[in-house]
Structure formats: C-alpha cells, structure tokens
Amino acid sequence: MRVMLVNPRFRLPIDTRTTPHLGLAYLAAISERRGDQVLLFDADVEEEGVVDAMRRFGPDLVGITANTPQVKQAWRTAQAIKSVKDVPIVLGGPHPSVLPIESADRPEVDVVVRGEGEEVWLDICDVVDRALVADPGFTAQQLHDPHAGLFDHILGITFKSEDGEIHHHADHPPVAHLDGLPWPAYHVFKMDRYTNLQPATDTVEGASSFSMLTSRGCPYRCTYCSQSIMPQKWRARSPENVLAEWRHLVEDLGAQEIGILDDTANINVKRLMDLSDLLIANNLNHVPWIFVNGIRANLASRDLLARMKEAGLKRTAFGVETGDPDILESINKRVDLDTIRQAFNNAREVGLETIGFFIIGLPGETEETMERTIRFACELDPLIANFSMMTPYPGTVVYEMVKQNGHFLMEDWDDYVFFEGKARYEMGDLTAELVERKWREAYRRFYLRPHRIMRTLASKDFWINWRRTFRMAFRTLFPREEKTDLKKAVETV
Ligand code: B12
Ligand code: SF4
C-alpha cells in the first residue's frame, strides 16, 4: 500500500527546519515494517505543494499530524487533498488527541487517532489495505458506512459515520514494549534540509543532527503542560536498545550531535547511569548530546550528571518555570527553588552547559512574582534562558482555569504560539500589558548584562551562527510584519 505522511507548514517566526518530525518518523518506520511504500511530506522543507506531491505519489492512505497552532493548516491540507481524490485521511498528534470531536466532525477528516499513534496507525493501515484488496475502487466514504463497521475493533480513534453519529472508541493502551518499536525512519526525510534543534556543535547548517526518544510519558502533571499525547505512565527503552540506535545514528548516518526529546528522561536514574556506561564502553561518547527538554531537577544528582558528561552529554535543560515559591507550588511542579539551585550547581560543577525554561504570566502572577522569576533566572545564569509567555493549551489545567475565570486573547488555534510577544489570556489582575512588559524585560535584563554580552561575543558559536541568531531575535521581538507574510505564505497550501 502507498501511504503519505504530512507535517503541515509551521507558522512560527522562528526557524522550524530544526529536526525531522519524530512522530511521523516512527509512523513511517511502522508502515515500512508492514511493507508499505511511504512518502513523507514535510511542508517546512518541501519545494513543491502538497497537492502536486500527492498527485505524483498517488497515496492509498494519508496521515496528517497537528499540534494546536498547526491544526487549521492540517484541515486546509486535508481539504486540498480531498479535492483531488477521496483518499482516507487520518489526523493525529497533540491537538486532535485533546479535541478529537472537533476534527472528526469535519468532512475532510475521516478518522482521528488519539495519543500514541504507532499501533493504532497499523490497525488503520490493515483496514484500508484489506478494503483495497477486496475492492480496488474503494473510497474513504466507505469507512463511514455504519453498517460496514470497518473501524469497530480499533481502539484510540474518533470518527463520524454517515448517519452523523460520532464514534469515540475507548483509549488504546500505551505501547507496552518500547524496545519492540522500529527506529524512526530518517531515510524518508530530506535530511540535508534540516538544521538542528539545539546546536551542540558550532555548525548549524549541515550539522547532521538527529533526535531521539529514549522514554515516553511523564508521571507528573504540571498545570501548564500539554502532556496530552503520551500517557501518564512513564515507560523507557532499555539502555541496550538505545545504544543500538545511537550506534546506528553515529556509525551509519554520521550523526554529529544527538538531541534527546524525552519529556522526563531521568525518572529512572540507574537506566541513565547504565546507558552512560554503555556509551563510554562502546566509544560513542565523542558525539555531543543534549537534553533538549527539561530533565527533573530533583533527580539530577552530581553523580548522574558527571557520568553523563563523561558519556558525551554537553548541555541539559531544566524546566524552572518560576522564581516564586508560591507560584511554583501552585503549578504542581513538585520541586522547590533550592533543589533547582542545587541541580544548576551540580551541572556547573561537572562542566555541563545549561538551558533554563521560564514562564512569564502563570495564573496568579503579579509584577513581584514575575520579578522574582527574572531575578532567579539571572542568579542561575544558564547558558540559554528561554522565557515563554504562558499559553494555555487545550487539555491543560490552566486552560480550564482561564475558561472559567479569565478570557482568552486569541482569535483561533493559529494564534497558539508564544514566540510573538503577545499575551494569550488575561485573568484577575494579570493583564496583557503587564505580562508583555515583563516578558520583554526578562529577555533584556537577562541577556544585556555586561558579562553576558562579553560571553556571547567571546563564543565561537555566536560568530558562526550570528545571522540565524539575529534573524531569530529580530523575529521574536518584531513579529508583526513577519507574521502577516507568514500567514499569507502558509495559507497557500
Ligand atoms: C520537538 C518538539 C518541537 C519542535 C518540532 C520539530 C519537529 N519538526 O517535530 C519545535 C521546536 C519546532 C516545536 C515547536 C512547537 N511546539 Co513543540 N514539542 C516538541 C516535543 C518536545 C517533542 C515532539 C516529539 O518528537 N515527540 C515524540 C513523538 C514520537 O511524538 P509525537 O510527535 O507526538 O507523535 C506521536 C503521537 O502524537 C501520534 N501522532 C502524531 N502525529 C500523528 C499523525 C497521525 C496520522 C497519527 C495516526 C498519529 C500521530 O503518534 C506519534 C507516535 O506515537 C514535544 C513534547 C513531546 N514530548 O511530544 C513538544 C510539543 C509537541 N510542542 C508543543 C508546543 C506547544 C509547541 C509550540 C506551539 C511552541 C511555541 N513555540 O509556540 C511550537 C509549535 C509550532 C507549530 N507552529 O506547530 C506542545 C504541543 C501542545 C499542543 N496542544 O499542541 C508539546 C506537546 C509540548 C508540551 N508538553 O506542551 N516543538
Ligand atoms: S512540564 Fe515536564 S514534568 Fe511537568 S508534566 Fe510536563 S513533561 Fe512532565
């Protein structure tokens, strides 16, 4: 069977050619293992339009991914494909997983897959494949025939049948055995068109950077986090299985750096210790790697960080979020400021670079609490401080709080990005003016301190990548014009 997987265009004022879409890379691998021929269409790096690609390839099944700011583009893409042929279209990813009915209700979407996708995707491929064998003239419309019941046995899906009824099947259980999954199919991507997610080396263009997922899920439930896709149950790949993929990335694909995208990689400390030992013993520790997402500060002991550093870890991120103890407690992060301080000290002592993620404008914030966040960021002084403005994503506790007690400042899903310098909600005394002012101040006060300016100017990295750095800084601080152009470009599918 011929399957086409689509990543709709991002509408972000930043460079999004950072890494191939790992979710689609897993689905492609699963499909290939089934014997399917796969076309991966990542609109961010393609030169031709999706309709041309689709006409050329002639897919029997199309899968489209969508997070919240991408979902309208995903619908537009589905409409464009449907206007050529009634091929079955499946939507998956963070946004349809939280609001499945919204997408299932749309005529251009045949079925929504909720949550982790590999096993459900496989079930759908089997259904469509069998239907095509039975009837080569099969069209997507037959999937909606309530009497045919083609989807009856499939868990984790939501779809609408011809009679207008929405079928919301029970959740599919999490993938039980992660080692059993194939590795992401990077060969279906145009790898030379990507840059890197979190530059570990001095090169950005042609950095030969790969991402990896060594565990899935997160047992925590922070109130702002859109943790909708991966189940709460934390599951990990064995160190040996991770090592084998690592070797493949380095020795077969020439990886010069590896970004680990796990939500919380260090839940099981022994696993990371063992993985580090294996990387060292197998001489794979010369390739720098980075924890792109935050690891838990409460589980970042000096011993663990030192061992990982020896194994090639160059930089790690920590989700700090706030410098105010009460706000920290209110977001259910289950960590305190001293533990975070200790984790940064541990990282510094063993020679690791750090990234700090901070949020400006959490519910209940005042000028003073945001001030504490800025001061805490300056005190921790990570190599990179990333200040995001609180964006309430559907499915989060904060979203429900704003729905009940505040108001959203977004027109539609397209606006659910936080790089645009615009507050996304107001609640109580927390006004947009205050949040936007403190957010700008945070960047200015953190990066324009004399020692930071000197540090930036002294880094080789900065001079090699200055064009990209300035472009991103400019687009972040002056996004409006950019946004209009982007919007026009994006809406032409
Ligand atoms: C890497 C990453 C990025 C990269 C993306 C690069 C790329 N090309 O993929 C960058 C840095 C560009 C990025 C940007 C943003 N991101 Co981001 N990102 C991530 C991160 C850390 C990892 C994604 C990943 O690889 N996951 C692992 C893979 C295996 O999972 P997956 O992609 O979800 O795919 C699985 C399922 O979702 C499902 N599935 C997905 N698609 C499909 C399609 C079909 C057909 C099927 C059947 C199944 C299916 O099956 C897959 C396999 O199990 C996640 C956090 C996370 N743990 O997922 C956040 C995350 C996806 N990002 C998030 C957000 C908020 C953003 C931004 C909006 C932030 C911003 N700056 O404004 C932007 C959005 C950009 C845009 N316009 O769309 C949220 C999404 C929330 C939401 N409701 O949409 C997440 C979940 C983080 C969080 N916990 O809040 N991000
Ligand atoms: S912010 Fe991190 S620790 Fe908190 S729920 Fe999200 S992934 Fe888990």
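Biologist: How many bridges join strand β1 to β2, and do they run parallel or antiparallel?

Modeller: Strand β1 (residues 2-7) runs parallel to β2, and 6 bridges join the two. Strands here are DSSP runs (E, at least two residues) and helices likewise (H or I, at least four), numbered from the N terminus; two strands pair if DSSP finds at least two bridges between them. This is a predicted model, in which local features need pLDDT of at least 70 and side-chain atom pairs count only at pLDDT 80 or more, while totals for chains, interfaces and linings use all residues. Residues are numbered from 1 along each chain as its sequence is written, and chains are lettered from A and ligands numbered from 1 in the order in which they are written.

Biologist: Which residue in β2 is the bridge partner of N7?

Modeller: That partner is D42.

Biologist: What is the strand order in the open sheet of 7 strands?

Modeller: The order is β2-β1-β3-β4-β5-β6-β7, and the pairing is mixed. β2 (37-42) and β7 (166-168) are the edge strands with a single partner each, so one side of each has no neighbour in the sheet. From one strand to the next the twist averages 20°, with axes fitted as lines to C-alpha atoms (for helices over the stretch in contact) and angles running from 0 to 180 degrees between N-to-C directions.

Biologist: Turning to the ligands, which residues come nearest to ligand 1?

Modeller: Of the 40 residues around ligand 1, these are G23, G63, N67, G92 and G117; a residue is near if its C-beta atom, placed from the backbone, lies within 6 Å.

Biologist: Which element gives the most to that shell around ligand 1?

Modeller: α1 does, with 4 residues. The shell draws at least three residues from each of domain 1 (2-168) and domain 2 (195-447), with bounds from an automatic or database domain assignment.

Biologist: What surrounds ligand 2?

Modeller: Its neighbours include C218, Y220, R221, D263 and G319.
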